[in-house]
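Student: I am new to this structure and would like to learn how to read it, one feature after another. Could you take me through it slowly?

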Amino acid sequence: MLPNPVCGCRTCVVPLRFLGFSLWQIPADAKFCSISFSETDHPRVLITGGLGQLGVGLANFLRKRFGKDNVILSDIRKPPNHIFHSGPFIYSDILDYKNLREIVVNNRITWLFHYSALLSAAGEANASLARAVNNKRLHHVLDVAVEHNLRLFVPSTIGAFGPTSPRNPTPDLCIQRPRTIYGVSKVHAELMGEYYFHRYGLDFCLRYPGIISANSQPGGGTTDYAVQIFHDATKNGKFECNLKPNTRLPMMYIDDCLRATLEVMEAPAESLSMRTYNINAVSFTPRDLAQEVLKHVPEFQITYNVDSVLQAIADSWPVNFDDSNARKDWGWKHNFDLPELVMKMLNFQGSDTRVAQAN
């Protein structure tokens with residue numbers, strides 16, 4: 001259907017090349033319409049959970065590549081005006097299977113990026129909601145992908161590991177056993193991806209480290225301190241961190257994350273040897289990050305008020321990702337180390353007087 005339909009992984013990508021049957025009956029009142037679209041052109045992309053930390057950035061990235069009208073952002077929340085007017089946006093509740101199918105058919109979707117999820121800290125606050133959001137929605141997108149021969153990307157993360165996993169470095173394949181509902185749902189997604197690969201022919205995917213983006217607010221994740229610190233540093237010159245100063249975690253600037261996602265989707269199938277790839281860029285602690293911020297905002301101050309729940313989660317996660325297989329198989333290489341990452345984040349907030357004066 002698409003040229004070079006390659007990508008994927010065991011955990012998060014579900015690019016399906018099998019046109020199968022649906023496990024669901026088509027509702028009698030489902031409304032489908034035909035839209036003219038040449039399948040030799042760019043893919044038609046749907047991003048679920050689009051107003052989260054990664055969705056908006058991914059939409060902007062893919063629109064530059066495939067055209068604004070070929071990338072549809074969706075969420076259950078009302079978007080800000082600048083996002084609504086930046087390209088196609090539709091309401092989509094992935095818990096509503098009929099609604100999801102109508103969107104896929106009516107908009108001739110060929111690629112689906114499933115970013116709808118309740119993150120680690122938010123999931124621990126409401127485990128029952130996390131089960132519904134993270135697991136039931138996954139099953140819906142898997143079934144729709146099989147029925148309509150979609151290429152589906154469902155990212156996994158560092159949250160898929162637990163305290164018995166090797167932490168420094170953490171390889172692609174090892175014992176996982178996470179102790180958060182978020183992590184359990186990610187392992188579930190990885191195993192479902194493995195099954196769908198053997199049953200229907202899925203391809204490959206990626207495990208993300210903590211992602212740092214200036215385009216969105218923190219969304220309830222354990223690594224969110226590394227985003228919030230920039231907002232607070234440029235607004236009031238100080239930040240209260242909820243992790244210990246020596247808590248080291250793997251991180252990545254969003255531009256590297258988005259590029260890696262598209263690279264593995266377009267990598268030649270014969271170059272990919274695994275179902276799941278770790279990707280990594282830099283590992284640092286809150287103290288490391290604060291010291292780098294201080295170079296640009298001299299009056300910046302950081303204090304620590306440790307959240308025991310978040311600290312326990314962080315202490316069970318990898319200290320460093322081993323992504324040697326991704327670098328060997330499909331040439332993955334990050335562009336942003338800690339100094340470049342900090343400069344990009346602060347420049348994004350560059351209208352702030354303190355940053356402008358410091359620069």
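Predicted model: local features only at pLDDT ≥ 70, side-chain atom pairs only at ≥ 80, totals over all residues.

Student: What is the order of the strands in the open sheet of 3 strands?

Tutor: Helices (H or I, at least four residues) and strands (E, at least two) are DSSP runs, numbered from the N terminus, and two strands pair if DSSP finds at least two bridges between them. Here the open sheet runs S7-S8-S12, with parallel pairing. Strand S7 (156–157) and S12 are its edge strands, each pairing on one side only. Strand S8 (residues 205–208) is joined to S12 in the parallel sense over 3 bridges, and arginine 207 has asparagine 278 in S12 as its bridge partner.

Student: How many aromatic pairs are there?

Tutor: Rings of Phe, Tyr and Trp (its six-membered ring) pair if their centres lie within 6.5 Å, and planes under 30 degrees apart count as stacked, over 60 as edge-to-face and the rest as tilted. The count by this rule is 11 aromatic pairs. In one case, the ring centres of tyrosine 277 and tryptophan 330 are 6.1 Å apart with their planes at 85°, so this pair is edge-to-face. Because tyrosine 277 belongs to strand S12 (residues 276–278) and tryptophan 330 to helix H11 (residues 324–330), the pair ties together parts that are 53 residues apart in sequence.

Student: Are tyrosine 277 and tryptophan 330 buried or exposed?

Tutor: Buried means under 20% relative accessible area, exposed over 50%, and partly exposed in between (1.4 Å probe, protein chains only). Both tyrosine 277 and tryptophan 330 are buried. Arginine 179, in the loop between S7 and H6, is exposed, with a relative accessible area of 66%. Contact means heavy atoms within 4.5 Å, and arginine 179 touches Glu124 and Pro163, leaving aside residues up to four places away in sequence.

Student: Which residues lie nearest the centre of the largest pocket?

Tutor: Rolling a probe the size of a water molecule over the atoms shows where empty space is left. On a 1 Å grid over the protein atoms alone, where a 1.4 Å probe is used, a pocket is an open set of points with protein on both sides within 12 Å along at least five of seven lines, and lining residues have an atom within 4 Å of a point. Grid points are joined across faces, edges and corners, and a volume is the space filled by probe spheres set on the points. The largest pocket holds about 1000 Å³ of space, and among its 50 lining residues Gly52, Gln53, Tyr115, Ala117 and Leu119 lie nearest its centre. H5 gives the largest share of this lining, 3 residues.

Student: What is the volume of the second largest pocket, and which element gives the largest share of its lining?

Tutor: Its volume is about 240 Å³, and the largest share of the lining of the second largest pocket, 4 residues, comes from H1. Residues that line this pocket include Gly57, Asn60, Tyr253 and Lys344.

Conventions. Residues numbered from 1 in each chain as written. Heavy atoms only, no water.
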